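Please look through the sequence and the model below before reading on. The report then takes up a few parts of the chain in turn.

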Amino acid sequence: MRSVADHTGNKFATFTFSKDFQKLPRLFYEGEQQPMNLLATLEVKGERRFGWSRHIFAWKAKHSTLFLGVIILCLVMASYILTRDQQKLLLTPSPFQYSTTTNNEDSPELDFTEIEGDADGFSLPFSWLERINYATPALSTDSKLQLMPRRLPEQEDLVKQEAHIFSVIPRNFLQSVKNYCWYTRYTGTASTDPYKKNAYFIHTKHFQTIFDYLKKVIWKHLQRRGDEHYRLRCLPYFYIIGQPKCGTTDLYNRLRLHPEVSFSIVKEPHWWTRKRFGIIQPWNGFHDRYQIEDYLDLFDLAAHQIQSQIANASAEQPIKSNMVIGEASASTMWDNNAWQNFYHRTADGEPPYLIQDFLHAVLPSAKLIVMLRDPVERLYSDYLYFISANKSVEDFHEKVKDSLQIFNGCLMHSSLRSCVYNCTVNSAMPVRLQIGLYAVFLWDWFTVYNPNQFLILRLEEHAADLKKSMHRVFDFLNLVKNQSTSYKSNRTVKAEYSPQQYSKDGLGVKEE
(Lines give C-alpha, C1' and ligand atoms only; values in the text may rest on other atoms or scores of the structure.)
Protein backbone atom coordinates (compact mmCIF):
# COMPACT_ATOMS: atom_id res chain seq x y z
CA MET A 1 0.00 0.00 0.00
CA ARG A 2 1.26 3.46 -0.89
CA SER A 3 0.26 6.83 0.30
CA VAL A 4 -0.63 9.73 -1.95
CA ALA A 5 0.46 13.22 -1.02
CA ASP A 6 -2.10 15.41 0.68
CA HIS A 7 -2.91 18.43 -1.51
CA THR A 8 -5.89 19.66 0.45
CA GLY A 9 -4.19 21.21 3.36
CA ASN A 10 -6.76 19.74 5.79
CA LYS A 11 -6.93 16.69 8.00
CA PHE A 12 -8.03 14.30 5.30
CA ALA A 13 -5.70 12.15 3.19
CA THR A 14 -6.20 9.58 0.46
CA PHE A 15 -5.26 5.92 0.72
CA THR A 16 -5.34 3.39 -2.12
CA PHE A 17 -5.22 -0.37 -1.95
CA SER A 18 -3.72 -3.14 -3.99
CA LYS A 19 -5.41 -4.42 -7.10
CA ASP A 20 -7.01 -7.26 -5.21
CA PHE A 21 -9.06 -4.75 -3.29
CA GLN A 22 -9.93 -2.35 -6.09
CA LYS A 23 -13.65 -3.24 -5.84
CA LEU A 24 -13.83 -2.15 -2.23
CA PRO A 25 -14.83 1.46 -1.48
CA ARG A 26 -12.05 3.92 -0.84
CA LEU A 27 -11.94 5.41 2.60
CA PHE A 28 -10.80 8.95 3.21
CA TYR A 29 -9.42 9.33 6.66
CA GLU A 30 -6.23 10.48 8.35
CA GLY A 31 -5.67 9.71 11.97
CA GLU A 32 -3.63 12.17 13.97
CA GLN A 33 -1.26 11.47 16.75
CA GLN A 34 -3.51 13.27 19.16
CA PRO A 35 -6.47 11.47 20.80
CA MET A 36 -9.44 11.19 18.49
CA ASN A 37 -12.43 13.45 19.08
CA LEU A 38 -15.45 11.12 19.25
CA LEU A 39 -17.70 13.87 17.93
CA ALA A 40 -15.54 14.45 14.87
CA THR A 41 -17.04 13.89 11.45
CA LEU A 42 -15.70 11.01 9.37
CA GLU A 43 -16.01 11.58 5.68
CA VAL A 44 -16.66 8.34 3.88
CA LYS A 45 -16.64 8.13 0.14
CA GLY A 46 -16.94 5.15 -2.12
CA GLU A 47 -16.84 4.26 -5.75
CA ARG A 48 -19.99 4.45 -7.79
CA ARG A 49 -21.49 1.02 -8.17
CA PHE A 50 -23.71 1.80 -11.13
CA GLY A 51 -22.61 1.89 -14.72
CA TRP A 52 -25.39 3.97 -16.24
CA SER A 53 -24.46 6.71 -18.60
CA ARG A 54 -25.34 10.24 -17.65
CA HIS A 55 -28.11 10.50 -20.31
CA ILE A 56 -29.78 7.19 -19.40
CA PHE A 57 -29.79 8.12 -15.75
CA ALA A 58 -31.36 11.53 -16.44
CA TRP A 59 -34.02 9.93 -18.67
CA LYS A 60 -35.01 7.42 -16.05
CA ALA A 61 -35.01 10.08 -13.34
CA LYS A 62 -37.42 12.23 -15.35
CA HIS A 63 -39.78 9.33 -15.95
CA SER A 64 -39.66 8.31 -12.29
CA THR A 65 -40.46 11.86 -11.21
CA LEU A 66 -43.36 12.03 -13.68
CA PHE A 67 -44.73 8.69 -12.48
CA LEU A 68 -44.47 9.80 -8.84
CA GLY A 69 -46.28 13.04 -9.65
CA VAL A 70 -49.13 11.15 -11.31
CA ILE A 71 -49.52 8.96 -8.22
CA ILE A 72 -49.62 12.00 -5.91
CA LEU A 73 -52.18 13.69 -8.16
CA CYS A 74 -54.42 10.60 -8.06
CA LEU A 75 -54.19 10.44 -4.28
CA VAL A 76 -55.08 14.12 -3.93
CA MET A 77 -58.08 13.70 -6.24
CA ALA A 78 -59.26 10.61 -4.37
CA SER A 79 -58.93 12.39 -1.03
CA TYR A 80 -60.87 15.35 -2.36
CA ILE A 81 -63.68 13.15 -3.68
CA LEU A 82 -63.96 11.18 -0.45
CA THR A 83 -63.90 14.34 1.65
CA ARG A 84 -66.61 15.97 -0.37
CA ASP A 85 -68.57 12.73 -0.23
CA GLN A 86 -68.40 12.66 3.56
CA GLN A 87 -69.78 16.16 3.48
CA LYS A 88 -72.57 14.72 1.30
CA LEU A 89 -71.87 17.01 -1.64
CA LEU A 90 -70.92 14.50 -4.36
CA LEU A 91 -71.67 10.80 -4.27
CA THR A 92 -74.13 9.79 -1.57
CA PRO A 93 -76.98 11.57 0.20
CA SER A 94 -76.40 12.36 3.87
CA PRO A 95 -78.40 10.25 6.31
CA PHE A 96 -78.84 13.40 8.43
CA GLN A 97 -79.70 15.70 5.54
CA TYR A 98 -83.34 16.14 6.45
CA SER A 99 -85.64 18.74 5.10
CA THR A 100 -86.11 21.74 7.34
CA THR A 101 -89.58 22.42 5.97
CA THR A 102 -92.10 21.77 8.71
CA ASN A 103 -95.13 21.50 6.45
CA ASN A 104 -93.68 18.85 4.18
CA GLU A 105 -96.24 16.11 3.64
CA ASP A 106 -93.53 13.45 3.62
CA SER A 107 -92.10 14.61 6.92
CA PRO A 108 -93.25 12.40 9.83
CA GLU A 109 -94.96 14.22 12.68
CA LEU A 110 -94.67 13.73 16.40
CA ASP A 111 -97.61 11.65 17.55
CA PHE A 112 -98.49 11.72 21.24
CA THR A 113 -101.81 9.92 20.92
CA GLU A 114 -100.36 6.96 22.80
CA ILE A 115 -99.25 9.09 25.74
CA GLU A 116 -101.79 9.42 28.48
CA GLY A 117 -102.18 12.51 30.63
CA ASP A 118 -102.53 16.19 29.90
CA ALA A 119 -100.38 17.77 27.25
CA ASP A 120 -99.01 20.44 29.56
CA GLY A 121 -97.51 17.83 31.84
CA PHE A 122 -95.59 16.40 28.91
CA SER A 123 -94.61 19.30 26.69
CA LEU A 124 -93.06 18.82 23.28
CA PRO A 125 -89.29 18.84 23.68
CA PHE A 126 -88.36 18.56 20.01
CA SER A 127 -89.36 21.85 18.38
CA TRP A 128 -85.84 22.12 17.00
CA LEU A 129 -85.58 18.45 16.01
CA GLU A 130 -86.95 16.64 13.01
CA ARG A 131 -90.54 15.61 13.68
CA ILE A 132 -90.67 12.01 14.85
CA ASN A 133 -93.58 9.63 14.77
CA TYR A 134 -93.40 7.52 17.93
CA ALA A 135 -96.34 5.43 16.82
CA THR A 136 -94.38 3.98 13.90
CA PRO A 137 -91.68 1.32 14.28
CA ALA A 138 -88.95 3.40 12.62
CA LEU A 139 -87.66 6.92 12.70
CA SER A 140 -86.76 7.12 9.03
CA THR A 141 -87.11 5.24 5.79
CA ASP A 142 -83.32 5.29 5.48
CA SER A 143 -82.16 1.78 6.38
CA LYS A 144 -79.23 3.11 8.41
CA LEU A 145 -81.48 5.40 10.45
CA GLN A 146 -84.19 2.91 11.29
CA LEU A 147 -84.62 2.85 15.04
CA MET A 148 -86.51 -0.32 15.66
CA PRO A 149 -87.90 -1.15 19.12
CA ARG A 150 -85.41 -2.83 21.42
CA ARG A 151 -85.76 -6.38 22.57
CA LEU A 152 -86.13 -5.87 26.32
CA PRO A 153 -84.15 -8.27 28.53
CA GLU A 154 -85.90 -10.66 30.86
CA GLN A 155 -85.84 -10.11 34.62
CA GLU A 156 -83.86 -13.32 35.07
CA ASP A 157 -81.13 -12.06 32.75
CA LEU A 158 -80.84 -8.80 34.66
CA VAL A 159 -80.57 -10.66 37.97
CA LYS A 160 -77.76 -12.82 36.54
CA GLN A 161 -75.83 -9.75 35.48
CA GLU A 162 -76.23 -7.86 38.77
CA ALA A 163 -77.13 -10.49 41.35
CA HIS A 164 -75.79 -8.49 44.29
CA ILE A 165 -77.99 -5.48 43.57
CA PHE A 166 -81.15 -7.57 43.60
CA SER A 167 -80.05 -9.37 46.78
CA VAL A 168 -79.79 -6.06 48.64
CA ILE A 169 -82.81 -4.14 47.34
CA PRO A 170 -86.20 -5.67 48.25
CA ARG A 171 -89.23 -5.93 46.00
CA ASN A 172 -91.52 -4.12 48.45
CA PHE A 173 -91.00 -0.86 50.32
CA LEU A 174 -92.49 0.79 53.39
CA GLN A 175 -96.07 1.87 52.79
CA SER A 176 -96.08 4.49 55.54
CA VAL A 177 -93.62 6.80 53.79
CA LYS A 178 -93.79 8.39 50.38
CA ASN A 179 -90.20 7.60 49.43
CA TYR A 180 -88.84 4.14 48.56
CA CYS A 181 -87.41 2.94 51.88
CA TRP A 182 -86.96 -0.30 53.81
CA TYR A 183 -85.25 -1.58 56.94
CA THR A 184 -82.18 -3.78 57.08
CA ARG A 185 -80.58 -5.38 60.14
CA TYR A 186 -77.64 -3.43 61.56
CA THR A 187 -74.99 -5.66 63.16
CA GLY A 188 -72.49 -2.97 64.19
CA THR A 189 -71.98 -1.34 67.55
CA ALA A 190 -71.91 2.27 68.68
CA SER A 191 -68.19 2.48 67.83
CA THR A 192 -68.48 0.81 64.43
CA ASP A 193 -67.65 2.90 61.36
CA PRO A 194 -69.98 1.66 58.60
CA TYR A 195 -68.46 4.08 56.05
CA LYS A 196 -64.76 3.27 56.24
CA LYS A 197 -64.95 0.97 53.18
CA ASN A 198 -67.28 3.21 51.21
CA ALA A 199 -65.73 3.82 47.78
CA TYR A 200 -67.02 7.40 47.65
CA PHE A 201 -65.38 8.01 51.03
CA ILE A 202 -62.09 6.50 49.85
CA HIS A 203 -61.86 8.25 46.48
CA THR A 204 -63.47 11.61 47.34
CA LYS A 205 -61.43 13.17 50.10
CA HIS A 206 -63.43 16.38 50.50
CA PHE A 207 -66.47 14.31 51.54
CA GLN A 208 -64.68 12.61 54.41
CA THR A 209 -66.00 15.16 56.90
CA ILE A 210 -69.58 14.35 55.86
CA PHE A 211 -69.01 10.65 56.34
CA ASP A 212 -67.35 11.33 59.68
CA TYR A 213 -70.49 13.17 60.75
CA LEU A 214 -72.72 10.32 59.55
CA LYS A 215 -70.61 7.86 61.55
CA LYS A 216 -71.21 9.88 64.72
CA VAL A 217 -75.00 10.14 64.37
CA ILE A 218 -75.97 6.81 62.81
CA TRP A 219 -76.40 5.07 66.16
CA LYS A 220 -79.15 7.42 67.32
CA HIS A 221 -81.05 7.02 64.04
CA LEU A 222 -81.41 3.25 64.26
CA GLN A 223 -84.78 1.60 64.83
CA ARG A 224 -84.69 -0.63 67.92
CA ARG A 225 -86.77 -3.75 68.32
CA GLY A 226 -85.79 -5.60 71.44
CA ASP A 227 -82.07 -6.28 71.35
CA GLU A 228 -81.83 -5.83 67.60
CA HIS A 229 -81.16 -2.67 65.61
CA TYR A 230 -82.44 -1.84 62.15
CA ARG A 231 -81.15 0.74 59.72
CA LEU A 232 -83.43 2.63 57.35
CA ARG A 233 -82.27 2.43 53.76
CA CYS A 234 -83.71 4.56 50.94
CA LEU A 235 -83.48 4.93 47.18
CA PRO A 236 -84.49 8.07 45.25
CA TYR A 237 -88.11 8.85 44.58
CA PHE A 238 -87.14 10.77 41.44
CA TYR A 239 -84.15 11.16 39.15
CA ILE A 240 -82.98 14.12 37.08
CA ILE A 241 -81.51 11.98 34.33
CA GLY A 242 -80.26 14.54 31.80
CA GLN A 243 -79.01 16.13 29.79
CA PRO A 244 -75.63 17.75 30.55
CA LYS A 245 -75.41 21.52 30.00
CA CYS A 246 -79.21 21.80 29.85
CA GLY A 247 -79.90 23.42 33.21
CA THR A 248 -79.99 20.35 35.46
CA THR A 249 -77.80 22.05 38.08
CA ASP A 250 -80.14 25.04 38.26
CA LEU A 251 -83.13 22.76 38.71
CA TYR A 252 -81.25 20.79 41.36
CA ASN A 253 -80.39 23.92 43.34
CA ARG A 254 -83.99 25.19 43.25
CA LEU A 255 -85.47 21.85 44.31
CA ARG A 256 -83.08 21.68 47.26
CA LEU A 257 -84.85 24.71 48.74
CA HIS A 258 -88.11 22.78 49.13
CA PRO A 259 -88.48 21.41 52.68
CA GLU A 260 -89.85 18.08 51.47
CA VAL A 261 -86.99 17.40 49.03
CA SER A 262 -83.60 15.96 49.87
CA PHE A 263 -80.77 14.85 47.61
CA SER A 264 -77.78 12.55 47.79
CA ILE A 265 -74.74 14.05 49.51
CA VAL A 266 -73.01 13.98 46.12
CA LYS A 267 -74.84 16.00 43.50
CA GLU A 268 -73.97 13.56 40.70
CA PRO A 269 -73.01 10.11 42.02
CA HIS A 270 -72.95 8.60 38.47
CA TRP A 271 -73.40 5.22 40.09
CA TRP A 272 -75.73 3.62 37.56
CA THR A 273 -73.66 4.71 34.59
CA ARG A 274 -70.04 4.64 35.78
CA LYS A 275 -69.25 3.87 39.40
CA ARG A 276 -70.88 0.43 39.51
CA PHE A 277 -68.56 -0.51 36.64
CA GLY A 278 -65.51 0.88 38.41
CA ILE A 279 -65.20 4.09 36.39
CA ILE A 280 -64.08 6.94 38.65
CA GLN A 281 -63.33 9.30 35.76
CA PRO A 282 -64.23 8.38 32.14
CA TRP A 283 -60.64 9.03 31.00
CA ASN A 284 -58.91 7.08 33.81
CA GLY A 285 -59.97 3.54 32.95
CA PHE A 286 -61.49 1.00 35.31
CA HIS A 287 -60.98 0.59 39.06
CA ASP A 288 -62.71 -1.48 41.73
CA ARG A 289 -66.47 -1.46 41.27
CA TYR A 290 -68.56 0.61 43.67
CA GLN A 291 -71.05 -1.62 45.48
CA ILE A 292 -74.76 -0.86 45.86
CA GLU A 293 -74.15 -0.30 49.59
CA ASP A 294 -71.78 2.56 48.71
CA TYR A 295 -74.55 4.14 46.67
CA LEU A 296 -77.15 3.71 49.42
CA ASP A 297 -74.86 5.44 51.93
CA LEU A 298 -75.22 8.64 49.90
CA PHE A 299 -78.87 8.89 50.93
CA ASP A 300 -78.34 8.40 54.67
CA LEU A 301 -78.80 12.11 55.46
CA ALA A 302 -82.28 11.95 53.95
CA ALA A 303 -82.95 8.55 55.53
CA HIS A 304 -82.15 10.02 58.95
CA GLN A 305 -84.76 12.72 58.46
CA ILE A 306 -87.38 10.15 57.46
CA GLN A 307 -86.41 7.94 60.40
CA SER A 308 -86.87 10.90 62.76
CA GLN A 309 -90.40 11.39 61.44
CA ILE A 310 -91.12 7.69 61.94
CA ALA A 311 -89.69 7.72 65.48
CA ASN A 312 -91.82 10.74 66.43
CA ALA A 313 -95.04 9.05 65.32
CA SER A 314 -97.53 7.80 67.88
CA ALA A 315 -100.92 6.14 68.01
CA GLU A 316 -102.59 9.55 67.99
CA GLN A 317 -100.31 10.87 65.26
CA PRO A 318 -99.56 8.11 62.74
CA ILE A 319 -96.51 8.16 60.54
CA LYS A 320 -96.79 10.73 57.80
CA SER A 321 -93.65 11.40 55.83
CA ASN A 322 -94.00 13.23 52.52
CA MET A 323 -90.28 13.72 52.08
CA VAL A 324 -88.88 12.60 48.75
CA ILE A 325 -85.28 11.96 47.77
CA GLY A 326 -83.78 12.97 44.46
CA GLU A 327 -80.67 12.11 42.49
CA ALA A 328 -79.28 14.36 39.74
CA SER A 329 -76.64 12.50 37.73
CA ALA A 330 -76.93 14.07 34.28
CA SER A 331 -75.27 11.00 32.73
CA THR A 332 -78.12 8.62 33.59
CA MET A 333 -80.07 9.23 30.38
CA TRP A 334 -77.29 8.79 27.85
CA ASP A 335 -74.06 7.27 29.23
CA ASN A 336 -73.89 3.55 28.42
CA ASN A 337 -70.23 3.57 27.37
CA ALA A 338 -69.20 0.84 29.82
CA TRP A 339 -71.37 -1.91 28.36
CA GLN A 340 -68.82 -3.04 25.75
CA ASN A 341 -66.43 -4.07 28.55
CA PHE A 342 -69.00 -6.11 30.50
CA TYR A 343 -71.70 -7.42 28.17
CA HIS A 344 -71.61 -9.29 24.88
CA ARG A 345 -72.95 -7.25 22.02
CA THR A 346 -76.00 -8.41 20.08
CA ALA A 347 -75.94 -9.58 16.48
CA ASP A 348 -76.59 -6.04 15.22
CA GLY A 349 -73.88 -4.51 17.45
CA GLU A 350 -76.31 -2.91 19.88
CA PRO A 351 -76.01 -3.19 23.67
CA PRO A 352 -78.08 -6.02 25.18
CA TYR A 353 -78.65 -4.05 28.41
CA LEU A 354 -79.09 -0.34 29.04
CA ILE A 355 -79.06 1.64 32.28
CA GLN A 356 -82.83 1.98 32.32
CA ASP A 357 -83.27 -1.80 32.22
CA PHE A 358 -81.65 -2.20 35.64
CA LEU A 359 -83.14 0.97 37.07
CA HIS A 360 -86.65 -0.11 36.07
CA ALA A 361 -86.13 -3.59 37.52
CA VAL A 362 -85.25 -1.98 40.88
CA LEU A 363 -87.56 1.08 40.83
CA PRO A 364 -90.37 0.52 38.33
CA SER A 365 -92.39 3.48 39.70
CA ALA A 366 -89.61 6.07 39.82
CA LYS A 367 -90.30 9.54 38.45
CA LEU A 368 -87.89 10.87 35.84
CA ILE A 369 -87.15 14.50 34.96
CA VAL A 370 -85.42 15.40 31.69
CA MET A 371 -84.11 18.84 30.78
CA LEU A 372 -83.28 19.56 27.14
CA ARG A 373 -82.19 22.54 25.08
CA ASP A 374 -81.29 23.37 21.50
CA PRO A 375 -78.75 20.61 20.74
CA VAL A 376 -76.40 23.00 18.93
CA GLU A 377 -76.33 25.39 21.88
CA ARG A 378 -75.94 22.45 24.23
CA LEU A 379 -72.96 21.19 22.23
CA TYR A 380 -71.28 24.60 22.23
CA SER A 381 -71.79 24.96 25.99
CA ASP A 382 -70.36 21.47 26.42
CA TYR A 383 -67.36 22.46 24.29
CA LEU A 384 -66.69 25.58 26.36
CA TYR A 385 -66.88 23.57 29.59
CA PHE A 386 -64.62 20.64 28.68
CA ILE A 387 -62.10 22.06 26.20
CA SER A 388 -59.26 23.58 28.18
CA ALA A 389 -57.24 25.50 25.57
CA ASN A 390 -57.48 27.25 22.21
CA LYS A 391 -61.23 27.73 22.47
CA SER A 392 -62.75 29.61 19.55
CA VAL A 393 -65.72 29.50 17.24
CA GLU A 394 -63.46 28.30 14.42
CA ASP A 395 -62.02 25.51 16.57
CA PHE A 396 -65.53 24.46 17.61
CA HIS A 397 -66.60 24.38 13.96
CA GLU A 398 -63.68 22.16 12.99
CA LYS A 399 -64.24 19.78 15.90
CA VAL A 400 -67.91 19.43 15.00
CA LYS A 401 -67.01 18.72 11.37
CA ASP A 402 -64.54 16.04 12.47
CA SER A 403 -67.12 14.51 14.81
CA LEU A 404 -69.75 14.43 12.07
CA GLN A 405 -67.34 12.65 9.74
CA ILE A 406 -66.55 10.04 12.40
CA PHE A 407 -70.22 9.48 13.23
CA ASN A 408 -71.28 9.34 9.58
CA GLY A 409 -68.48 6.86 8.98
CA CYS A 410 -69.99 4.62 11.65
CA LEU A 411 -73.41 4.91 10.01
CA MET A 412 -71.96 3.53 6.79
CA HIS A 413 -71.85 0.05 8.29
CA SER A 414 -73.85 0.17 11.58
CA SER A 415 -77.29 1.15 12.79
CA LEU A 416 -78.07 4.47 14.42
CA ARG A 417 -78.52 2.95 17.88
CA SER A 418 -75.26 1.00 17.73
CA CYS A 419 -73.36 4.15 16.72
CA VAL A 420 -74.94 6.23 19.49
CA TYR A 421 -73.93 3.64 22.11
CA ASN A 422 -70.53 2.83 20.53
CA CYS A 423 -67.85 3.71 23.06
CA THR A 424 -65.09 3.70 20.44
CA VAL A 425 -66.94 6.17 18.23
CA ASN A 426 -67.88 8.38 21.17
CA SER A 427 -64.30 8.49 22.41
CA ALA A 428 -62.95 9.32 18.95
CA MET A 429 -65.19 12.34 18.42
CA PRO A 430 -63.56 15.62 19.57
CA VAL A 431 -66.92 16.85 20.94
CA ARG A 432 -69.76 14.89 22.56
CA LEU A 433 -72.02 15.05 19.56
CA GLN A 434 -74.07 11.96 20.44
CA ILE A 435 -75.55 13.52 23.59
CA GLY A 436 -77.67 15.82 21.43
CA LEU A 437 -79.46 12.93 19.71
CA TYR A 438 -82.32 13.20 22.18
CA ALA A 439 -84.77 11.18 20.10
CA VAL A 440 -82.68 8.00 20.37
CA PHE A 441 -82.38 8.17 24.15
CA LEU A 442 -86.01 9.10 24.76
CA TRP A 443 -87.17 6.33 22.45
CA ASP A 444 -85.19 3.76 24.43
CA TRP A 445 -86.36 5.10 27.79
CA PHE A 446 -90.00 5.11 26.63
CA THR A 447 -89.74 1.42 25.77
CA VAL A 448 -88.94 0.66 29.44
CA TYR A 449 -90.81 3.29 31.46
CA ASN A 450 -94.31 4.59 30.95
CA PRO A 451 -94.22 8.07 29.37
CA ASN A 452 -96.41 9.32 32.25
CA GLN A 453 -93.40 8.85 34.52
CA PHE A 454 -91.46 11.55 32.66
CA LEU A 455 -91.45 15.30 32.96
CA ILE A 456 -89.61 16.87 30.03
CA LEU A 457 -88.57 20.49 30.38
CA ARG A 458 -86.96 22.84 27.91
CA LEU A 459 -84.23 25.10 29.23
CA GLU A 460 -85.51 27.95 27.08
CA GLU A 461 -88.97 27.76 28.69
CA HIS A 462 -87.52 27.16 32.15
CA ALA A 463 -85.39 30.30 31.92
CA ALA A 464 -88.24 32.39 30.50
CA ASP A 465 -90.72 31.54 33.28
CA LEU A 466 -89.10 30.01 36.36
CA LYS A 467 -92.24 30.12 38.48
CA LYS A 468 -94.33 28.23 35.97
CA SER A 469 -91.56 25.72 35.38
CA MET A 470 -91.05 24.99 39.08
CA HIS A 471 -94.80 24.64 39.64
CA ARG A 472 -94.85 22.00 36.96
CA VAL A 473 -92.05 20.18 38.77
CA PHE A 474 -93.87 20.42 42.11
CA ASP A 475 -97.06 19.06 40.54
CA PHE A 476 -95.14 16.22 38.94
CA LEU A 477 -93.55 15.25 42.27
CA ASN A 478 -96.81 15.78 44.22
CA LEU A 479 -95.21 18.46 46.38
CA VAL A 480 -97.01 21.34 48.05
CA LYS A 481 -96.37 24.56 46.14
CA ASN A 482 -96.91 27.07 48.94
CA GLN A 483 -94.63 25.99 51.77
CA SER A 484 -93.94 29.32 53.48
CA THR A 485 -95.18 28.23 56.94
CA SER A 486 -93.91 24.67 56.63
CA TYR A 487 -90.60 25.86 55.24
CA LYS A 488 -89.92 28.02 58.31
CA SER A 489 -90.85 25.25 60.68
CA ASN A 490 -88.63 22.76 58.89
CA ARG A 491 -85.56 24.97 58.52
CA THR A 492 -84.12 23.76 61.82
CA VAL A 493 -84.74 20.13 60.91
CA LYS A 494 -82.95 20.45 57.59
CA ALA A 495 -80.14 22.50 59.09
CA GLU A 496 -79.20 19.70 61.47
CA TYR A 497 -78.39 17.44 58.55
CA SER A 498 -77.21 20.06 56.08
CA PRO A 499 -73.99 18.87 54.41
CA GLN A 500 -72.87 22.46 53.86
CA GLN A 501 -71.86 22.50 57.54
CA TYR A 502 -69.47 19.61 56.94
CA SER A 503 -68.15 20.15 53.42
CA LYS A 504 -66.10 23.03 52.16
CA ASP A 505 -67.78 23.13 48.77
CA GLY A 506 -71.34 22.15 49.57
CA LEU A 507 -73.03 19.14 48.10
CA GLY A 508 -70.44 17.89 45.73
CA VAL A 509 -68.34 18.02 42.65
CA LYS A 510 -70.25 18.54 39.43
CA GLU A 511 -69.25 15.75 37.04
CA GLU A 512 -71.37 16.08 33.94
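Leucine 255 is in contact, meaning heavy atoms within 4.5 Å, with Phe238, Ile240, Val261, Phe263, Met470, Val473, Phe474 and Leu477, where residues up to four places away in sequence are not counted. This is a predicted model, in which local features need pLDDT of at least 70, side-chain atom pairs count only at pLDDT 80 or more, and totals for chains, interfaces and linings use all residues. Residues are numbered from 1 along each chain as its sequence is written, and side-chain values use heavy atoms, with hydrogens and water left out.

Leu255 is also, with Phe238, Tyr295 and Ile369, one of the residues touching the most other members of the largest nonpolar core, which has 116 residues. Such a core is a set of buried Ala, Val, Leu, Ile, Met, Phe, Trp, Tyr and Cys residues joined through side-chain atoms within 4.5 Å; buried means under 20% relative accessible area, exposed over 50%, and partly exposed in between, with a 1.4 Å probe and protein chains only.

An open sheet has three strands in the order β1-β3-β2 with antiparallel pairing, where strands (E, at least two residues) and helices (H or I, at least four) are DSSP runs numbered from the N terminus, and two strands pair if DSSP finds at least two bridges between them. Threonine 184 stands opposite arginine 231 in β3.

| Residue | Relative accessibility | Class |
|---|---|---|
| Lysine 220 | 53% | exposed |
| Lysine 401 | 30% | partly exposed |

Lysine 220 lies in the loop between α5 (208-217) and β2 (223-225), whereas lysine 401 belongs to helix α11 (residues 393-411).
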